[in-house]
Amino acid sequence: MKKYTLILLMIFSFVGCHKEKSYSVKQLDAYSFRRNYFGSDTLQGKASESFLNRNPVQNYEYKTQEGRFYEELVSNGIIDNKELILNKFDSLPNDFPYKIRDKSVMLNISYPESFDVSGRILIFRERETIIHRDTIYFDNPTQVTFCKMDVNKNGTDELYALFEWYAANGDNYELSVYELEEN
């Protein structure tokens, strides 16, 4: 009898040691781009339209470092000749599948409930269970576009947030790369 009790205790102790998975949203990298409108006042017709709708150019010289995505963005055609190729970014619906390693979860991106908070709320669900909730904070730019890709081919989608706002005769673009990590 003692032998069976000891075996049952060992089984229950292993079952009790099961840790709940935890997640976090990590910002992997960020890049700045700008499209100036200086000189557009002398252009007309298609030349003006082409000039105003061209891709923005990077603000800094980005060097490859460990953990940076610049080379992957270049090799996947998202950055070409120091320009951010805007047509690579399709806006996502509020709810969409997000791949993390060997499974797919649903990601919901929504506005905060309070006007005091600037940013977007990310809610990751596995079926009906919320597995992680986080907020991406930013100063209210006029437009935010989210898209997902697995550029680094690690089996987990990266979440790309493209922030756009107008300032001083030009549009500024900030591309931030995030990933949901299992801790």
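These legends describe close-up views of strands and salt bridges in a predicted model. Residues are numbered from 1 along each chain as its sequence is written, and side-chain values use heavy atoms, without hydrogens or water. Local features need pLDDT of at least 70, side-chain atom pairs count only at pLDDT 80 or more, and totals for chains, interfaces and linings use all residues.

View A. Strands are DSSP runs of E, at least two residues, numbered from the N terminus. β5 (residues 95–100) and β6 (residues 103–110) pair antiparallel over six bridges; pairing requires at least two DSSP bridges. Isoleucine 100 has lysine 103 as its bridge partner. Two residues separate the strands, and arginine 101 in the turn has a positive phi of about 55°.

**View B. β6 against β7.** β7 (residues 119–126) runs antiparallel to β6, joined by five bridges. Methionine 106 is bridged to arginine 125. Lysine 103 and glutamate 126 also form a salt bridge at 3.5 Å, N to O (a side-chain nitrogen of Lys or Arg within 4 Å of a carboxyl oxygen of Asp or Glu). This pair lies 23 residues apart in the chain. Lysine 103 is buried at 17% relative accessible area, while glutamate 126 is partly exposed at 29% (buried is under 20%, exposed over 50%, partly exposed in between; 1.4 Å probe, protein chains only).

View C. The whole structure holds four salt bridges. Aspartate 171 meets arginine 35 at 3.3 Å, N to O, linking β11 to β1 across 136 residues. Aspartate 171 is buried at 10%, and arginine 35 is buried at 7%. Glutamate 181 meets lysine 26 at 4.0 Å, N to O; these residues are 155 apart. Glutamate 181 is partly exposed at 26%, as is lysine 26 at 40%.

Technical notes. Helices (H or I, at least four residues) and strands (E, at least two) are DSSP runs, numbered from the N terminus.
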